[in-house]
Amino acid sequence: MCGIIGYIGYRDVVPVLIQGLEQLEYRGYDSAGIACLDSRKGNLFLAKEKGKLAALKEKIGDFNIDSHIGVGHTRWATHGEPSRENAHPHTDFSGQIALVHNGIVENYATLKKTLQKKKVRFTSQTDTEVGVQVIGRFYKKKTSLFQAVKQAIPQLRGFFAFVLFSKDDPETIIAYKRSNPLVIGLGQGENFVASDVTALLSYTRRVIYLEDEDIAVLTRNKVTVYSLKRHSWVSRPVTTVNWNVAQAQKQGFPHFMLKEMYEQPEVLRNILSKRIDRQGEVYFDTITKAFRKRLKKIERVFMISCGTAYHAGLVGGTAIQQYARVPYQAQVSSEFRYTNPMVGPEDLVVLVTQSGETADTLAALREAKSKGALVLAIVNVVGSTIAREADSVIYTHAGPEIGVASTKAYVAQLATLLLLAFYMGRLRRKLSRDAHRTLIREFKKIPDQAAKILKEHKRFESCAKKHYTRRNFLFLGRGYNFPTALEGALKLKEISYAHAHGYAAGEMKHGPIALIDHEQPVICIAPDSLTYEKMISNIQEICARDGIVIAIGTEGRKDLEKMADDFFCIPKTSEVFSPILTVIPLQFFSYQMAVLNGRDVDQPRNLAKSVTVE
Ligand code: M6R
């Protein structure tokens with residue numbers, strides 16, 4: 001979490017930093033700040049404010065500063081409350097170095113004590129300030145800033161990325177990465193560094209993804225990278241990203257989340273056209289022969305991820321089990337890594353992640369790899385750490401997702417995982433050519449069917465209007481739509497702050513049924529499926545207890561429509577594809593609930609898009 005950016009070049013640095021921070025704000029919005037070097041006065045200009053970037057922008061106003069080097073930060077608080085004092089950038093005791101930080105310096109308390117004994121004064125409660133002070137101690141001894149960083153880093157434990165510069169050296173920005181992401185943007189007579197590419201897209205699409213333990217030295221005309229791991233200068237590949245600025249802007253929508261929901265049919269179309277060849281077979285350009293050979297023989301699948309991606313993993317695991325006949329286990333990354341998991345070379349570990357930077361998922365990946373498992377990442381952000389460290393990666397091609405609540409990235413994960421299940425089914429000879437062909441034919445209808453659901457938005461709105469003051473919601477589903485129940489509940493709570501619980505419908509009578517009365521809304525996800533009749537029985541049980549039923553079912557299901565207080569239908573499709581469609585009304589419902597409650601839809605409280613701390 002936290003978004004960091006640095007710039008050196010010929011442009012006025014303040015607008016570059018502010019614009020970059022606008023793109024990075026989804027990573028945290030507890031405070032924002034910038035530091036730059038005033039070329040005329042040679043002073044360090046520092047501005048920071050508690051709260052969102054808007055507060056900082058207001059403070060800076062039209063302030064005219066002639067500067068071409070600087071760093072910026074948008075914070076998700078870990079150490080120290082959200083306040084002006086704790087906002088980044090932080091400076092060292094000499095006031096020479098300004099530093100922004102993403103991540104955690106774990107041994108900050110011990111280091112702070114040692115420094116305090118040496119009479120170093122601190123002005124914040126952050127671990128970041130400890131980092132810059134340690135670097136400052138080395139810098140004092142008249143080494144270059146690069147040398148100071150190189151010497152200081154081994155003293156700092158934890159996972160973090162730094163971007164910094166010194167008043168003494170107006171021609172250099174230093175960036176360091178350990179686990180948390182940093183990407184360099186290459187320009188002509190200017191260079192950039194940021195937590196992710198969206199901050200760079202207005203200026204360049206030529207980027208370098210830094211590796212762990214890289215120290216990058218940026219000047220206007222050059223970027224050089226030193227690897228602390230290899231103890232030498234290294235060359236890192238330059239990649240051209242295919243995202244564009246427009247994709248990372250609202251384009252007239254009031255919120256990114258709404259825009260991203262409307263992009264879903266196109267995202268699905270794009271995935272299907274990329275992943276299905278002329279013969280109708282699924283193909284993944286990144287899967288090598290050697291990988292395929294191992295994939296053919298794996299004995300178990302572990303689906304490991306967090307939040308929404310975990311729900312996608314549940315759907316994907318169910319499909320892999322059904323079509324490729326491999327047993328699966330799904331677990332959240334934070335649990336997997338601490339349970340000494342029994343995985344080995346005969347297992348496939350699939351990590352699903354939008355950002356490709358989630359700390360727990362990355363740790364799970366490393367754990368799985370260390371035990372010899374075959375590791376496949378399903379990732380949206382190209383070049384992210386998880387994408388690079390996995391044995392193979394399949395990109396979900398959803399484009400940049402800015403809203404904190406994941407929508408289009410989720411359906412992209414679902415579509416990709418279903419294709420993977422069919423691919424594995426064919427590879428392992430568990431899925432016949434004919435059955436595969438039928439599935440693909442049906443899959444190709446899904447983008448248009450999703451578009452049809454999106455046209456119903458007025459109806460979702462009026463349903464939300466009836467319920468937006470309620471504080472408790474229950475979501476029920478079965479089979480492929482049990483994860484949809486979990487996802488619907490997560491979406492609702494994260495952006496509307498209403499309490500919502502997702503449950504397997506069959507479990508209702510083992511506890512949650514006690515909640516049902518005339519004031520309890522229950523969202524029942526009941527498309528045509530193997531367990532449709534069981535779902536209907538569950539809904540009857542809710543009706544018998546006077547509960548409020550909001551149902552999502554397949555068009556034409558009059559029985560369900562009659563029982564429900566509100567009924568939303570999806571077009572006819574097989575159960576396996578239904579989660580892609582049933583989630584759309586739930587996204588809309590949550591969105592409207594959030595809007596009606598006056599919530600900050602794209603930046604819900606306490607959250608950050610990319611969770612890069614444990
Ligand atoms: O980037 P990732 O997919 O690894 O992120 C995982 C979760 O943090 C993420 O899905 C989170 O739950 C979303 N905010 C849900 O909308």
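**Pockets, cavities and a parallel sheet**

User: Which residues line the second largest cavity?
Analyst: The model considered here is a predicted one. Its second largest cavity holds about 80 Å³ of space, and the residues that line this cavity are Met1, Cys2, Arg75, Trp76, Thr78, His88, His101, Asn102, Gly103, Asp127, Thr128 and Val613.

User: Which element gives the largest share of the lining of the second largest cavity?
Analyst: The lining includes His101, Asn102, Gly103, Asp127 and Thr128, and the elements that give two or more residues to it are strand E6 (97-105) and helix H4 (127-140). By class, this lining divides into four nonpolar, six polar and two charged residues. The largest share, three residues, comes from E6.

User: Where in the chain does Pro89 lie?
Analyst: His88, which is among the residues lining the second largest cavity, is joined to Pro89 by a cis peptide bond with an omega of about -5°. Most peptide bonds are trans. As for its place in the chain, Pro89 lies in the loop between strand E4 (69-75) and strand E5 (90-91).

User: Between which domains does the largest cavity lie, and why?
Analyst: The count of cavities of 30 Å³ or more comes to five, and about 210 Å³ of space lies in the largest of them. Of the 25 residues that line this largest cavity, the closest to its centre are Tyr26, Ser195, Asp196, Ser355 and Val381, while the whole lining divides into twelve nonpolar, seven polar and six charged residues. Because both domains give residues to the lining, the largest cavity lies between domain 1 (2-249) and domain 2 (259-444).

User: How far apart do the C-alpha centres of domain 1 and domain 3 lie?
Analyst: The chain is divided into domain 1 (2-249), domain 2 (259-444) and domain 3 (454-596). For domain 1 and domain 3, the C-alpha centres lie apart by 45 Å.

User: Which element gives the most to the lining of the largest pocket?
Analyst: The largest pocket contains about 620 Å³ of space, and of the 28 residues that line it, the closest to its centre are Gly307, Glu494, Ala608, Lys609 and Val611. Two or more lining residues come from each of helix H9 (307-324), strand E18 (347-353) and helix H17 (482-496). With four residues, the element that gives the most to this lining is H17.

User: How does the lining of the largest pocket divide by class?
Analyst: The lining of the largest pocket draws at least three residues from each of domain 2 (259-444) and domain 3 (454-596). Sorted by class, this lining has twelve nonpolar, ten polar and six charged residues.

User: Where does Arg325 have its place?
Analyst: Arg325 has a positive phi of about 50°, although it is not a glycine. Most residues other than glycine have a negative phi. The place of Arg325 is in the loop between H9 and strand E17 (328-332).

User: Which elements give two or more residues to the lining of the second largest pocket?
Analyst: The second largest pocket has a volume of about 330 Å³. Of the 19 residues that line it, the closest to its centre are Glu22, Glu25, Lys250, Phe256 and Gln603. The elements that give two or more residues to this lining are helix H1 (13-24) and helix H2 (53-60).

User: Which are the edge strands of the open five-stranded sheet?
Analyst: The five strands of this open sheet pair in parallel and have the order E22-E21-E23-E24-E25. An edge strand pairs on one side only, and in this sheet the edge strands are E22 (499-504) and E25 (566-570).

User: Which residue in E24 does Ile525 stand opposite?
Analyst: Strand E23 (residues 521-526) and strand E24 (residues 548-554) run parallel and are joined by six bridges. Within this pairing, the residue of E24 that stands opposite Ile525 is Ile552.

User: What angle does the direction of helix H18 make with that of E23?
Analyst: Helix H16 (residues 457-467) lies across strand E21 (472-477), E24 and E25, and runs at about 150° to E25. Helix H18 (residues 532-544) also packs on the sheet, where it touches E21, E23 and E24, and the angle between its direction and that of E23 is about 165°.

Terms used. Residues are numbered from 1 along each chain as its sequence is written. This is a predicted model: local features need pLDDT of at least 70, side-chain atom pairs count only at pLDDT 80 or more; totals for chains, interfaces and linings use all residues. Side-chain values use heavy atoms; hydrogens and water are left out. On a 1 Å grid over the protein atoms alone, a cavity is a set of points where a 1.4 Å probe fits but cannot get out, and a pocket is an open set with protein on both sides within 12 Å along at least five of seven lines; lining residues have an atom within 4 Å of a point. Grid points are joined across faces, edges and corners, and a volume is the space filled by probe spheres set on the points. Ala, Val, Leu, Ile, Met, Phe, Trp, Tyr, Cys and Pro count as nonpolar, Asp, Glu, Lys and Arg as charged, and the others, Gly among them, as polar. Domain bounds come from an automatic or database domain assignment. Two strands pair if DSSP finds at least two bridges between them. Contact means heavy atoms within 4.5 Å. Axes are lines fitted to C-alpha atoms, for helices over the stretch in contact, and angles run from 0 to 180 degrees between N-to-C directions.
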